[in-house]
Amino acid sequence: MQFYKEIYKRNEALISLSCTRVTDFAKVVGTGRIKMKEELVEMIRAREARIAVIGLGHVGLTTAAVFADAGFQVIGTDLKQQVIKAVSSGKCCIKELGLNELVGKVVRQGRLEATTNTLQAVREANIVIVCVQTPITQDKEPSLTYLRKACETVRQELSKRKLIVVQSTMPPGTTKNVVVRILEEGSGLKCGKDFWLANCPERIVSGKAIQEFIENVRIVGGYNSESAEIAVELFKTVTKGDILTADCTSAEAAKLAENAFRDVNIAFANELALICEQINIDVIEAIKLANTHPRVTIHKPGCGVGGPCLPKDPYLLLHPVKEKHFKSKVIQPSRELNDYMSRHTVELVVEALRKLGKDVNESKVAVLGTAYKGEVDETRNSPAERIVCELMDLGAEVVVYDPFCEESFGARKAKDVSEAVKVADCTVIVTDHKMFRELKLEKIRALMNTNSALVDGRRIVDPVEAKKQGFAYYGIGRGVE
Ligand code: SAJ
């Protein structure tokens, strides 16, 4: 709170003071620092500040392209040579609406370059934006290896007057306890005084990354008030949404709370689905009715929650209290329930086959979708992995098809839906791609074995139509009549 008061007081003071009094004010805070800060702010406003973006994944490349499009000179860095090669030739390796075109445009205009030489990029930059991944280990512990490495590289070329912005998602306390320490260690520079630091969590959803980067409300967690002020100036150049300032730990926690909330809401929908299966009603109908209440918004149940964020962010949120022996009663059980949904889907497949008089180990199962969600080409933490592997462990012959992903998790990959479902005993829909929503059920039915089942893990098929076509239909959250 003190920190906001400080920003507020200072802004008020600067606005109301005459020129001479501004000089007096500056004396109190340190003329040199005020000047340094104002110089960088001026450079940002004039688009003269050079920006280095470390990590050209989904978030980093979107960030780099949007800032370049706003008129900045941007240099993006990545460890992967193929990413640098693609970006340097004006292409992007990510399926993201409008990003390919935007990268092409800013590279042609000479405003975006890419390199594996992060040290040089940092040296030449006035602003460094860190966008590296912060995954979890098998034991659900945060792995800050990439973040530490990026910060260590930044430190080697850290000089006065630079602004460092971290967009990576971090456990609460990481900016203060890890990032600052690494940056200051041995550099002889003081954070908030010689250089500035802010943590500005990304909040963009895959598929709408550019739009959300520009339109979403931004949270700027400043290490100190000056850091926040400069970072706000930076994001003002690209953001239409409001920009809110906070202390860095609150900003970190807020970002994790968003994803943990979504995960818990989906877990609620999934538990509701399991209840509905037991009492022989359809969860989709129940949720639709419940959501007509003005203060109720239940998410969608499904065969699992995947992607680079939701399956790990709840663990990042819980991390700082783990050593205090805090026992999570909502967040962790929700995570576990969402993880269980892929196994439940396999159970539905086995049950569907059993009811048709077939053993899973003598059956062919077609899995439609390996992406973690519809219209993306990303398979990280996808529920498809567990579903495919467990079905193969049970002895099923598994064939997968996904229009956007190469990954098949060890199963045979079909070139199209028809090849995947041909003579299959069961088809499982794992991803809600648009093309699977538009499946021609009659055609699928004709290609599959005579006695066959359809398991809808995303509830995108009309159950009435499926039954009309002669399928034994099983959907997550729908009791079997
Ligand atoms: N899912 C459900 N039911 C739903 C919604 C999603 O089962 O009702 C599943 C999806 O199928 C998918 C997973 O959850 O497997 C994650 O989907 P998502 O739509 O939440 O997408 P993400 O992980 O790409 O993006 C989230 C977003 N967070 C929130 O909406 C709170 C995004 O805004 C974040 O920026 C992103 O995480 C991130 O990078 O943290």
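Biologist: Which residue stands opposite Ile54 in S2?

Modeller: Thr77 does. Keep in mind that this is a predicted model. The two residues belong to a parallel pairing, in which S1 (residues 50–54) and S2 (residues 73–77) share five bridges.

Biologist: In what order do the eight strands of the open sheet run?

Modeller: Read across the sheet: S3-S2-S1-S4-S5-S6-S7-S8, with mixed pairing. S3 (112–115) and S8 (243–247) are at the edges with a single partner strand each, so one side of each has no neighbour in the sheet. From one strand to the next, the twist averages 25°.

Biologist: And what does helix H4 touch?

Modeller: Helix H4 (residues 58–69) packs on the sheet and touches S1, S2, S3 and S4, and its direction makes about 165° with that of S1. Helix H11 (residues 225–236) packs on the sheet too, at about 150° to the direction of S7.

Biologist: How many aromatic pairs turn up in the whole structure?

Modeller: Four. One of them is Phe67 with Phe72, edge-to-face, at 5.8 Å centre to centre and 75° between the planes.

Biologist: Is Phe67 buried or exposed?

Modeller: Buried counts as under 20% relative accessible area. Phe67 has 0%, so it is buried, and Phe72 is buried at 0% as well.

Biologist: Which charged residue lies over the face of Phe213?

Modeller: That's Arg218, 4.9 Å from the ring centre. Elsewhere, Lys95 lies over the face of Phe404, at 4.2 Å from the ring centre.

Notes
Residues are numbered from 1 along each chain as its sequence is written. This is a predicted model: local features need pLDDT of at least 70, side-chain atom pairs count only at pLDDT 80 or more; totals for chains, interfaces and linings use all residues. Side-chain values use heavy atoms; hydrogens and water are left out. Two strands pair if DSSP finds at least two bridges between them. Helices (H or I, at least four residues) and strands (E, at least two) are DSSP runs, numbered from the N terminus. Axes are lines fitted to C-alpha atoms, for helices over the stretch in contact, and angles run from 0 to 180 degrees between N-to-C directions. Contact means heavy atoms within 4.5 Å. Rings of Phe, Tyr and Trp (its six-membered ring) pair if their centres lie within 6.5 Å; planes under 30 degrees apart count as stacked, over 60 as edge-to-face and the rest as tilted. Buried means under 20% relative accessible area, exposed over 50%, partly exposed in between (1.4 Å probe, protein chains only). A charge sits over a ring if NZ of Lys or CZ of Arg is within 6 Å of the ring centre and within 35 degrees of the ring normal.
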